[in-house]
Structure formats: structure tokens, C-alpha cells
Amino acid sequence: MTAAPVPWTLDHLTGQEVAVPAMRQTIRAIYAEVYGEEPYLRSESDARDWIENVLPQHLDAPGFSLVFARTTADSTPMGFGLGVPLRADTRWWAGMVDPLPEPMTAEDGRQTFAVQEFAVRAAYRRQGLGTAMHKALVGPWTGTRTTLTLRASSPAAVGFWDSQGYRSVGFSRPYPLAPLYTMMLRDHTPPSGWGG
């Protein structure tokens with residue numbers, strides 16, 4: 001028998017709100033918990049490096065977006081998702097094992113929104129929360145597509161992102177010793193009422 005979903009609240013946080021030490025610590029804890037699982041097996045040191053060196057690069061990016069999920073009853077952290085639009089100088093497509101045609105990888109900051117991190121704690125999965133977080137994160141995007149990378153060795157992640165309408169466009173190794181990632185792309189439907 002499946003447990004009833006835990007009611008949640010989704011908050012859109014600005015870069016300034018994410019930079020507050022207490023919130024950074026909360027996000028780091030979620031990151032460490034979720035990415036400590038198979039197949040990622042990231043360590044506490046990896047989580048610390050991410051919060052100190054990677055996350056700050058996103059906070060000031062134009063169009064930065066972070067959705068934070070918490071229980072409605074007592075504000076227990078449930079997960080977060082963050083992303084940024086791909087700028088003209090992005091290295092997002094540079095790691096493709098088989099390069100994609102240039103028109104497909106040309107960016108201008110208005111076409112593609114990249115989901116950089118997406119983490120839902122194990123206790124709150126399979127309740128619709130991931131779908132709600134994804135919709136809240138990319139729903140306001142007015143460009144033509146969204147993208148992300150995933151580890152094909154995580155069947156649950158593959159199934160989830162397939163269900164959100166993403167398709168594989170190849171494989172990426174963003175740096176020499178990185179694991180192989182599947183590059184995913186999804187045509188984006190602008191918010192209703194958006195005039196273009």
C-alpha cells in the first residue's frame with residue numbers, strides 16, 4: 001500500500017536568498033544525501049566543493065532559477081531544482097562525444113534553459129513532487145527548449161526524465177575524467193498567454 005503524498009510547498013528562491021548561509025547549508029545537505037546514492041556516490045567533500053565552488057557560479061547568472069520544496073506542515077526540506085539559461089559563451093555542448101550540428105548548439109541566452117541540478121530526497125519520491133518541481137522550474141521559461149544531462153546508469157532518473165518529455169540527443173563527457181552522461185533535450189511550450 002502506497003503512503004499518501006506529503007503535502008508540499010514550492011518556493012522560488014533568488015540568488016541572494018540561496019546565498020544565505022542557512023539556506024546554503026540546507027541545499028548542501030540535500031545534495032549530499034541525494035547524490036551520495038548510487039550511481040553517483042559523491043562524498044561529503046564533493047558536496048562541500050559543489051556548494052563552495054560550483055553553486056556560486058550560478059547565483060549571479062541572468063535568469064538563474066531555484067525551486068525549493070518543503071513540507072507544508074513543518075517546512076522539512078524535500079528537494080530542490082536549479083537551472084540557468086545557456087548564454088552565447090556556454091560550454092554546455094562542448095563535451096559531446098559526437099558533436100551536434102552547429103545550428104543546434106548555438107545559444108544566445110534566450111533559447112535554451114539548462115536544468116543544472118535536480119534532487120528529491122528518497123522519502124518524497126513517487127508522489128508527484130518531482131513533476132511539480134520540474135513544472136515550477138521550467139514552466140516560466142519563454143525560450144524554445146530545455147536541456148539536462150543524466151546518468152544512464154540510473155533507471156529511475158531515465159524513466160522520470162522520459163516521462164517529462166525529454167529525449168536523448170547523444171552522450172557528453174564534460175571533462176576528461178567525467179563519467180559519461182546522456183544529453184537530454186525537450187521542446188518547450190511557453191506559458192499560456194505568452195505572446196512571444
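Colleague: How many aromatic pairs does the structure hold?

Modeller: There are 9 aromatic pairs, where rings of Phe, Tyr and Trp (its six-membered ring) pair if their centres lie within 6.5 Å, and planes under 30 degrees apart count as stacked, over 60 as edge-to-face and the rest as tilted. One of them joins Phe113 and Trp141, a tilted pair at 5.6 Å centre to centre with 45° between the planes. Please keep in mind that this is a predicted model, in which local features need pLDDT of at least 70 and side-chain atom pairs count only at pLDDT 80 or more, while totals for chains, interfaces and linings use all residues. Residues are numbered from 1 along each chain as its sequence is written, and side-chain values use heavy atoms, with hydrogens and water left out.

Colleague: Where in the chain do Phe113 and Trp141 sit?

Modeller: They link distant parts of the chain, 28 residues apart, with Phe113 in strand 4 (residues 112–120) and Trp141 in the loop between helix 5 (129–138) and strand 5 (145–150); helices (H or I, at least four residues) and strands (E, at least two) are DSSP runs, numbered from the N terminus.

Colleague: Is Phe113 buried or exposed?

Modeller: Phe113 is buried, with a relative accessible area of 2%, and Trp141 is buried at 12%, given that buried means under 20% relative accessible area, exposed over 50% and partly exposed in between (1.4 Å probe, protein chains only).

Colleague: Changing topic, which residues have the most contacts inside the largest nonpolar core?

Modeller: Those are Val18, Ile27, Trp50, Leu66 and Phe80, in a core of 22 residues; such a core is a set of buried Ala, Val, Leu, Ile, Met, Phe, Trp, Tyr and Cys residues joined through side-chain atoms within 4.5 Å. Helix 2 (21–35), helix 3 (44–59), strand 2 (65–71) and strand 3 (77–85) each supply at least two of its residues, and helix 2 gives the largest share, 7 residues.

Colleague: What does Val18 touch?

Modeller: Leaving aside residues up to four places away in sequence, Val18 touches several residues, including Ile27, Leu55 and Leu66, where contact means heavy atoms within 4.5 Å.

Colleague: And which rings cluster with Trp50?

Modeller: Ring pairs link Trp50 with Tyr31, Tyr35, Tyr40 and Phe80 into a cluster. The charged end of Arg42 sits over the ring of Tyr35, 4.7 Å from its centre, the criterion being NZ of Lys or CZ of Arg within 6 Å of the ring centre and within 35 degrees of the ring normal.
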